[in-house]
Amino acid sequence: MTDVTSAKSSRRPHHWRRDLVELAALFTAVAVADAIANTIAHVPDGVFLLVASAVALVATATFHTWWARSHGHAPPERAAAAEEPDTSDEPTALWRMRTTVRDEPGTLAKLCTALATHRVDILTLQTHPLADGTVDEFLLRSPAALQASDLSATVSAAGGCRTWIERADAHDLVDTPTRVLGLATRTALDAAELPLALRQLLGRCTITSRPAVSVTGRPTGEFAPVEGVLDGTSMRLRDPNGGTIGVERPYLPFTPTEFARARALVELDARLGPRIPRGQQPLTLPQGEEITVRRADEDDLEAALAMHARCSERTLGLRYHGPVGDADRYLTHLLSPRFGRTLAVCTTSGRLVALGHLLWDGEETEIALMVEDAYQQRGIGAALLARLTELAAEAGCAHVYAVTQSSNTGMVAAMRGLGLPLDYQVEEGTLVVTAMLDPTAVHSLPPHGDSGRR
């Protein structure tokens with residue numbers, strides 16, 4: 001394979017103009033040879049003239065060969081290798097970068113030239129026009145030794161401002177239209193995917209859903225126009241279920257293009273209406289009892305209220321941390337796919353005996369369980385917690401946390417049974433246990449010049 005590659009690299013580029021010149025020279029030589037032949041045929045010293053012509057042709061051919069080899073158009077191989085060192089085995093890193101440049105000719109070229117001086121390869125580029133400039137979004141491959149601060153300084157020197165950089169991975173190599181279509185498909189299959197789709201579409205941001213009516217039945221005053229509201233680093237969109245969906249991103253203003261994409265996802269969700277996957281997962285408990293785990297939504301409200309009625313005050317108090325009489329009010333909120341995912345555990349007869357909630361809380365993710373008294377200590381809580389943790393990991397969450405009372409040893413044991421790194425925080429009898437799902441999560445770099453404002 002090496003010999004073939006070497007042979008290919010040693011070929012010189014083909015030049016059609018040289019071929020035309022050589023062809024014209026050949027015809028000229030034929031014409032001259034014919035004239036000489038006619039002359040030789042009519043003079044007595046024709047043989048000597050023919051030999052002299054042959055010697056002259058050989059000398060001319062030798063000179064031409066030497067000249068072509070000495071003045072070829074292809075550069076010497078060693079010189080080319082010296083100018084462009086082989087970096088194919090050099091470790092690299094992927095970065096997502098966004099910067100704002102002046103809307104003037106040559107600004108993008110200057111930025112690309114500055115990146116090239118550090119051997120940074122531009123894999124994809126998107127431009128977002130603004131009123132006072134242009135936002136350029138890059139996917140870059142750079143030498144692994146190059147740090148984010150070095151990239152930011154290089155871009156700033158080339159005229160970029162409000163630069164934002166974070167590490168990327170192989171999933172970012174997918175082009176933007178394909179990625180948006182994939183997010184739209186996920187949203188179409190599951191209403192609970194909308195907040196996650198918005199977060200993946202817009203990068204590291206905080207998604208909050210604010211209902212139009214509180215759990216106590218009072219209007220919250222949350223409202224957004226149909227077209228939504230864009231205000232720098234935040235946007236408000238109308239929630240199809242009532243209320244608003246808020247999106248905030250520190251340091252990095254949203255572009256009109258991003259706002260239009262987010263609004264299109266929300267409109268798709270509104271047109272499709274409530275929906276969740278209806279599959280069931282059978283599980284066998286340690287005692288041999290068969291149960292099923294499935295997704296739950298507002299259609300399960302009556303069964304959930306019936307389970308509440310069968311639970312003791314202690315069980316309800318450990319789950320809701322407040323007056324037991326208010327427990328039923330939270331079910332409508334908890335069963336809504338807009339605020340997270342809920343799993344229901346049912347017996348073979350179809351009786352709902354446990355609920356598990358994975359709740360989106362801005363950039364945080366809360367996990368909560370409640371098992372009916374008669375079915376506690378059977379392993380249902382541990383199985384439900386393991387499945388909720390899997391859903392959180394699939395959603396890209398870096399960690400999940402559970403809020404309970406410090407006396408709730410069952411919940412603590414279930415969290416320890418996950419086999420994940422845990423963090424414990426206790427304050428006035430309330431225990432917060434955080435399980436680390438992705439300890440290698442990389443935080444984004446704030447815009448150039450704002451690194452001290454955290």
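**Cavity, pocket and sheet in a predicted model**

Colleague: How much space lies in the largest cavity?
Modeller: About 70 Å³ of space lies in the largest cavity, where a cavity is a set of points on a 1 Å grid over the protein atoms alone at which a 1.4 Å probe fits but cannot get out, and a volume is the space filled by probe spheres set on the points, which are joined across faces, edges and corners. This is a predicted model, in which local features need pLDDT of at least 70, side-chain atom pairs count only at pLDDT 80 or more, and totals for chains, interfaces and linings use all residues. Residues are numbered from 1 along each chain as its sequence is written, and side-chain values use heavy atoms, with hydrogens and water left out.

Colleague: Which residues line the largest cavity?
Modeller: The lining is made of Arg96, Arg98, Gln126, His128, Glu137, Arg179, Leu201, Glu258 and Arg261, a lining residue being one with an atom within 4 Å of a point. Two or more of the lining residues come from each of β1 (92-101), β2 (121-130) and α9 (256-272), with helices (H or I, at least four residues) and strands (E, at least two) taken as DSSP runs numbered from the N terminus.

Colleague: And by class, what does the lining of the largest cavity have?
Modeller: It has 1 nonpolar, 2 polar and 6 charged residues, where Ala, Val, Leu, Ile, Met, Phe, Trp, Tyr, Cys and Pro count as nonpolar, Asp, Glu, Lys and Arg as charged, and the others, Gly among them, as polar.

Colleague: Switching to the second largest pocket, what volume does it have?
Modeller: Its volume is about 610 Å³, a pocket being an open set with protein on both sides within 12 Å along at least five of seven lines. Of the 28 residues in its lining, Val371, Gln376, Asn408, Gly410 and Met411 lie nearest the centre.

Colleague: Which element gives the largest share of that lining?
Modeller: That is β13, with 6 residues, and the lining as a whole divides into 13 nonpolar, 11 polar and 4 charged residues.

Colleague: How does β14 pair with β16?
Modeller: Strand β14 (residues 399-405) pairs with β16 (residues 430-436) in the antiparallel sense over 7 bridges, pairing requiring at least two DSSP bridges, and Ala402 stands opposite Val433 in β16. Strand β15 (residues 422-427) is also antiparallel to β16, over 6 bridges, and in their hairpin, which has 2 residues between the strands, Glu428 takes a positive phi near 55 degrees.

Colleague: Last one, which ring does the charged end of Arg167 sit over?
Modeller: It sits over the ring of Trp95, 4.9 Å from its centre, the rule being that NZ of Lys or CZ of Arg is within 6 Å of the ring centre and within 35 degrees of the ring normal. Arg319 likewise lies over the face of Tyr320, at 4.8 Å from the ring centre.
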